[in-house]
Amino acid sequence: MKKAKILVVEDQNIVALNIRNKLKNLGYTVPGTASTGEEAIRKAELTNADLVLMDIMLKGEMDGIEAAREIKNRLRIPVLYLTAYTDDETLERAKTTEPAGYISKPFKEEDLHSNIEMALHKHRAEKKETEKEAGKENEKTPE
(Lines give C-alpha, C1' and ligand atoms only; values in the text may rest on other atoms or scores of the structure.)
Protein backbone atom coordinates (compact mmCIF):
# COMPACT_ATOMS: atom_id res chain seq x y z
CA MET A 1 0.00 0.00 0.00
CA LYS A 2 1.33 3.43 -0.87
CA LYS A 3 2.31 5.81 1.86
CA ALA A 4 -0.32 8.43 2.66
CA LYS A 5 0.68 12.01 1.86
CA ILE A 6 0.03 14.33 4.78
CA LEU A 7 0.28 18.10 4.50
CA VAL A 8 1.32 19.74 7.78
CA VAL A 9 -0.17 23.18 8.51
CA GLU A 10 1.56 24.76 11.50
CA ASP A 11 2.85 28.32 11.91
CA GLN A 12 5.64 27.51 14.37
CA ASN A 13 8.60 26.18 12.36
CA ILE A 14 10.08 24.08 15.19
CA VAL A 15 6.71 22.43 15.88
CA ALA A 16 6.12 21.84 12.14
CA LEU A 17 9.53 20.18 11.82
CA ASN A 18 8.84 18.01 14.87
CA ILE A 19 5.46 16.90 13.47
CA ARG A 20 6.99 16.26 10.05
CA ASN A 21 9.67 14.02 11.62
CA LYS A 22 7.09 12.10 13.68
CA LEU A 23 4.98 11.52 10.56
CA LYS A 24 7.98 10.26 8.60
CA ASN A 25 8.89 7.93 11.48
CA LEU A 26 5.34 6.57 11.31
CA GLY A 27 5.80 5.83 7.60
CA TYR A 28 3.89 8.72 6.05
CA THR A 29 5.06 11.01 3.27
CA VAL A 30 5.06 14.75 4.05
CA PRO A 31 4.94 16.62 0.73
CA GLY A 32 5.14 19.98 2.43
CA THR A 33 4.28 22.31 5.27
CA ALA A 34 2.34 25.57 5.36
CA SER A 35 2.20 28.33 7.95
CA THR A 36 -0.87 30.27 6.74
CA GLY A 37 -4.37 29.26 5.72
CA GLU A 38 -3.91 30.63 2.22
CA GLU A 39 -0.67 28.71 1.77
CA ALA A 40 -2.36 25.56 3.11
CA ILE A 41 -5.05 25.72 0.42
CA ARG A 42 -2.46 26.26 -2.34
CA LYS A 43 -0.23 23.43 -1.13
CA ALA A 44 -3.17 21.06 -0.64
CA GLU A 45 -4.02 21.61 -4.32
CA LEU A 46 -0.43 21.27 -5.53
CA THR A 47 0.56 18.24 -3.47
CA ASN A 48 -2.67 16.27 -3.89
CA ALA A 49 -2.43 15.39 -0.18
CA ASP A 50 -4.43 12.50 1.26
CA LEU A 51 -4.95 14.32 4.57
CA VAL A 52 -4.24 17.74 6.05
CA LEU A 53 -2.98 18.00 9.63
CA MET A 54 -4.18 21.48 10.60
CA ASP A 55 -3.34 23.81 13.46
CA ILE A 56 -6.15 26.27 14.21
CA MET A 57 -4.23 29.43 15.06
CA LEU A 58 -2.17 30.42 12.03
CA LYS A 59 -0.33 33.48 10.75
CA GLY A 60 -2.15 35.65 8.23
CA GLU A 61 -5.75 36.58 7.60
CA MET A 62 -7.23 33.08 7.54
CA ASP A 63 -7.20 30.74 10.54
CA GLY A 64 -7.06 26.97 10.34
CA ILE A 65 -10.82 26.52 10.61
CA GLU A 66 -11.46 28.77 7.61
CA ALA A 67 -8.69 27.03 5.65
CA ALA A 68 -10.09 23.60 6.58
CA ARG A 69 -13.54 24.63 5.32
CA GLU A 70 -12.07 25.68 1.96
CA ILE A 71 -9.94 22.54 1.62
CA LYS A 72 -12.82 20.23 2.47
CA ASN A 73 -15.33 22.01 0.20
CA ARG A 74 -13.07 22.59 -2.81
CA LEU A 75 -10.69 19.65 -2.69
CA ARG A 76 -12.55 17.00 -0.67
CA ILE A 77 -9.44 16.31 1.40
CA PRO A 78 -10.04 15.29 5.03
CA VAL A 79 -8.69 17.62 7.71
CA LEU A 80 -7.48 16.47 11.11
CA TYR A 81 -7.01 19.28 13.64
CA LEU A 82 -3.90 19.20 15.81
CA THR A 83 -4.17 22.16 18.17
CA ALA A 84 -3.69 23.52 21.66
CA TYR A 85 -7.11 25.21 21.55
CA THR A 86 -9.81 23.13 23.21
CA ASP A 87 -12.20 25.80 24.47
CA ASP A 88 -15.91 25.32 23.72
CA GLU A 89 -16.14 28.20 21.23
CA THR A 90 -13.22 26.89 19.15
CA LEU A 91 -14.59 23.34 19.28
CA GLU A 92 -18.00 24.53 18.07
CA ARG A 93 -16.43 26.45 15.16
CA ALA A 94 -14.25 23.48 14.26
CA LYS A 95 -17.23 21.09 14.28
CA THR A 96 -18.89 23.07 11.48
CA THR A 97 -16.11 21.92 9.12
CA GLU A 98 -16.86 18.24 9.84
CA PRO A 99 -13.23 17.41 10.60
CA ALA A 100 -11.76 13.93 10.43
CA GLY A 101 -10.66 14.38 14.04
CA TYR A 102 -9.38 16.75 16.72
CA ILE A 103 -6.15 16.07 18.62
CA SER A 104 -5.04 18.27 21.50
CA LYS A 105 -1.42 19.38 21.88
CA PRO A 106 0.73 18.12 23.40
CA PHE A 107 -0.01 14.79 21.76
CA LYS A 108 1.32 11.24 21.90
CA GLU A 109 2.70 9.74 18.71
CA GLU A 110 0.34 6.75 19.11
CA ASP A 111 -2.68 9.09 19.27
CA LEU A 112 -1.52 10.87 16.14
CA HIS A 113 -1.02 7.57 14.31
CA SER A 114 -4.37 6.05 15.29
CA ASN A 115 -6.30 9.24 14.46
CA ILE A 116 -4.63 9.52 11.06
CA GLU A 117 -5.34 5.88 10.23
CA MET A 118 -8.99 6.19 11.26
CA ALA A 119 -9.41 9.41 9.25
CA LEU A 120 -7.83 7.88 6.13
CA HIS A 121 -9.92 4.72 6.45
CA LYS A 122 -13.15 6.69 6.86
CA HIS A 123 -12.31 8.92 3.89
CA ARG A 124 -11.52 5.93 1.63
CA ALA A 125 -14.74 4.18 2.68
CA GLU A 126 -16.82 7.30 1.99
CA LYS A 127 -15.12 7.79 -1.38
CA LYS A 128 -15.77 4.15 -2.34
CA GLU A 129 -19.42 4.46 -1.34
CA THR A 130 -19.82 7.67 -3.35
CA GLU A 131 -18.26 6.03 -6.41
CA LYS A 132 -20.49 2.98 -5.97
CA GLU A 133 -23.61 5.16 -5.82
CA ALA A 134 -22.45 7.16 -8.85
CA GLY A 135 -22.03 3.88 -10.72
CA LYS A 136 -25.59 2.85 -9.86
CA GLU A 137 -26.87 6.19 -11.15
CA ASN A 138 -25.00 5.66 -14.42
CA GLU A 139 -26.52 2.17 -14.82
CA LYS A 140 -30.06 3.54 -14.80
CA THR A 141 -31.25 4.07 -18.32
CA PRO A 142 -33.96 6.54 -19.23
CA GLU A 143 -37.13 4.95 -20.53
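Modeller: Handedness first: a crossing counts as right-handed if the near helix is turned clockwise from the far one by less than a right angle, and as left-handed if anticlockwise. Before we use that, remember this is a predicted model, where local features need pLDDT of at least 70, side-chain atom pairs count only at pLDDT 80 or more, and totals for chains, interfaces and linings use all residues. Numbering starts from 1 along each chain as its sequence is written, and side-chain values use heavy atoms, with hydrogens and water left out.

Colleague: Okay, which hand is the crossing of H2 and H3?

Modeller: Right-handed. Helices here are DSSP runs of H or I with at least four residues, strands are E runs of at least two, and both are numbered from the N terminus. H2 covers residues 37-47 and H3 covers residues 64-75.

Colleague: At what angle do H2 and H3 pack, and how far apart are their axes?

Modeller: Axes are lines fitted to C-alpha atoms, for helices over the stretch in contact, and angles between N-to-C directions run from 0 to 180 degrees. H2 and H3 pack at about 25°, with axes 9 Å apart. Therefore H2 and H3 are roughly parallel (under 35 degrees; over 145 is roughly antiparallel, 65 to 115 roughly perpendicular, the rest oblique).

Colleague: Which residues of H2 and H3 meet?

Modeller: Contact means heavy atoms within 4.5 Å. On the H2 side you've got Gly37, Ala40, Ile41, Ala44 and Glu45, and they meet Ala67, Glu70, Ile71, Arg74 and Leu75 of H3. That set splits into six nonpolar, one polar and three charged (Ala, Val, Leu, Ile, Met, Phe, Trp, Tyr, Cys and Pro are nonpolar; Asp, Glu, Lys and Arg charged; the others, Gly among them, polar).

Colleague: And how do the axes of H3 and H4 cross?

Modeller: H4 is residues 88-95, and its axis comes within 9 Å of that of H3, crossing at roughly 10°. So H3 and H4 are roughly parallel too. Ile65, Glu66 and Arg69 of H3 make the contact with Thr90, Arg93 and Ala94 of H4. The tally there is two nonpolar, one polar and three charged. H3 passes H4 with a right-handed crossing.

Colleague: Now the sheet: in what order do the strands come?

Modeller: Strands of a sheet pair through backbone hydrogen bonds, either parallel or antiparallel. Here five strands make an open sheet, E2-E1-E3-E4-E5, with parallel pairing (two strands pair if DSSP finds at least two bridges between them). The edges are E2 (33-34) and E5 (101-104), each pairing on one side only. E4 (residues 79-83) joins E5 over four bridges, with Leu80 partnered by Gly101. Three bridges link E3 to E4, and there Met54 has Tyr81 as its bridge partner.

Colleague: Is E4 mostly covered or exposed?

Modeller: Mostly covered: five of its five residues are buried (under 20% relative accessible area; exposed is over 50%, partly exposed in between, with a 1.4 Å probe and protein chains only). Val79, Tyr81 and Thr83 point one way, and Leu80 and Leu82 the other.

Colleague: What do the buried residues of H2 pack against?

Modeller: E1, E2, E3 and H3. The buried ones are Gly37, Glu39, Ala40, Ile41, Ala44 and Thr47.

Colleague: Last one: why does Ser35 count as buried?

Modeller: Because its relative accessibility is 18%. Ser35 sits in the loop between E2 and H2, and leaving out residues up to four places away in sequence, Ser35 touches Glu10, Asp11, Leu58 and Lys59.
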